[in-house]
There are 2 protein chains.
Amino acid sequence: MSGITSIFVIGAGNVAQHLASSLAHHVKITGIYSKNGENAKLLSKQLGIKHQSSLFPIPECDLILICTNDDAILPLINELPKDIKIAYTSGSIELPNLDNVGVFYPLQTFSKDRAIDLSKVPFLIETNKDSLKSDLKNLANKISHKVLDANSEERKKIHLAAVFINNFTNHLAFISKDILQKNQLDWELLLPLLNETVSKITDGDPLNVQTGPARRNDTSIIAAHQKLLEEDQLNIYNSITKSIIKTYN
Amino acid sequence: MSGITSIFVIGAGNVAQHLASSLAHHVKITGIYSKNGENAKLLSKQLGIKHQSSLFPIPECDLILICTNDDAILPLINELPKDIKIAYTSGSIELPNLDNVGVFYPLQTFSKDRAIDLSKVPFLIETNKDSLKSDLKNLANKISHKVLDANSEERKKIHLAAVFINNFTNHLAFISKDILQKNQLDWELLLPLLNETVSKITDGDPLNVQTGPARRNDTSIIAAHQKLLEEDQLNIYNSITKSIIKTYN
């Protein structure tokens, strides 16, 4: 039986940190390498393993897990030996046509110093070869209850949806805070509203719980809001307002 | 001592429902009237009071609380007697220059059949006269721990910020769900990400926790996403992406 019992991690950012810490309870992490040597040193220390200061020689391992920025992934795969299994954690990079390479994508936003319950995080797996797929799924199952197949096309769509619900929601919160702070108003006032907004989305269907001036097509309030906004915020206001009005008409 | 011990409620929608139910524990609700007779009948029945089928004659009360749509508020105030205290619950309508009229604005999104802990909801109060202000603040303090002064200008800004964080966030969730469902993908996959997104916003500063392709100005992923989106979604994607890129450059 094959199976993955040892991993060499490339990258030492937030994803590497969370995955390596969690995987270390189940498999042996035989090295951590990052272009950012300081981060790799720190993470190696946290996990109690030897810091790997250069990519080569590759330490003994069943799998190389690439947790770098998207741009670095394909160049790294080209550099690495073709006889070692490789997986990468990106939501966007299409799977190359190689038998030894697969995708190991955790659908979550990872931050420094924020604990994440990985058991609830969906892991999306893709490979060209069934044996690698079962290896990666077995590995993911050790740390998560939600392991799924997703091909590159599906993964790209899921990543796009994630950009809307995570990156863009965060920027809307930034704008809300900006509007309040520029007027010496307390941003914390909005937090009960934010929490209820998300509870409604989670418990129901966003289509049915939409409220507000755009939902009512209340043109006089919309016009008053438009006068209060700077250019970039106004463009966002207008694009979302238009889309809401069209959705409900 | 004056104080408000009895209230006549106009409107029977979500705001009226939540406020009347909660206020009924502290003051006497002497009537509920709504243009939508069925809603008013239902709410009256829930509260165990007589249904008021016409606006006039006004039942005996210390305060008339207008919980209608924004458009109806000023016409109603014109119709109502000038010697009775009046308050309305809108975030957007400017306070008219009348001594007997004030604002009693709960900063929250209310839905049918969803319990809300009003004690955490900020109530924003505005009046032209100090005695009415203290009456409305005392009333709000009976149901909430967070009662504040806000003038019309401030209230308008807060309402605008609320539109971004509530209405617009909900529409982004709608788009995320739409992208997944059109591709036969499970929308529930995104809920752990949504919850973590909001925890990060609540615990930290949205400015510091922004991630994603726009934050990294990753033009190749942005271009790939743009190809996947329909017109209205693309306009939203572009406006928010542009704003994120500008914020961090």
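# Reading a two-chain model

Author: In this predicted model, chain A is divided into domain 1 (6-150) and domain 2 (155-248).

Reader: How far apart are the centres of domain 1 and domain 2 of chain A?

Author: Taken over C-alpha atoms, the two centres are separated by 35 Å.

Reader: How many residues of domain 1 of chain A are in contact with domain 2 of chain A?

Author: Contact here means C-beta atoms, placed from the backbone, within 7 Å. Nine residues of domain 1 of chain A meet six residues of domain 2 of chain A in this way. On the domain 1 side, β5 (101-106) and β6 (123-127) of chain A are the elements that give two or more residues. That side divides into five nonpolar residues, three polar and one charged.

Reader: What is the strand order of the open sheet in chain A?

Author: The order is β2-β1-β3-β4-β5-β6-β7, seven strands with mixed pairing. At the edges stand β2 (28-33) and β7 (147-149) of chain A; each has a single partner strand, so one side of each lacks a neighbour in the sheet. From one strand to the next, the twist averages 25 degrees.

Reader: Do take one pair as an example. Do β3 and β4 of chain A run parallel or antiparallel?

Author: Parallel: strand β3 (residues 63-66) of chain A is joined to strand β4 (residues 85-88) of chain A by four bridges. Within this pair, A:L65 stands opposite A:A87 in β4(A).

Reader: How many residues of chain B are in contact with chain A, and which elements give them?

Author: There are 72 residues of chain B in contact with 71 residues of chain A. On the chain B side, the elements that give two or more residues are α5 (152-182), α6 (191-203), α7 (206-209), α8 (219-228) and α9 (231-248) of chain B. The largest share, 24 residues, comes from α5(B). By type, the chain B side divides into 38 nonpolar, 20 polar and 14 charged residues.

Reader: Why can one say that the copies meet through the same surface?

Author: Because 99% of the interface residues of chain B are also interface residues in chain A.

Note on methods: Residues numbered from 1 in each chain as written. Chains lettered and ligands numbered in written order. Predicted model: local features only at pLDDT ≥ 70, side-chain atom pairs only at ≥ 80, totals over all residues. Contact = placed C-beta atoms within 7 Å. Nonpolar A, V, L, I, M, F, W, Y, C, P; charged D, E, K, R; others polar. Pairing = 2+ DSSP bridges. Axes fitted to C-alpha atoms, helices over the stretch in contact; angles between N-to-C directions. Domains from an automatic or database assignment.
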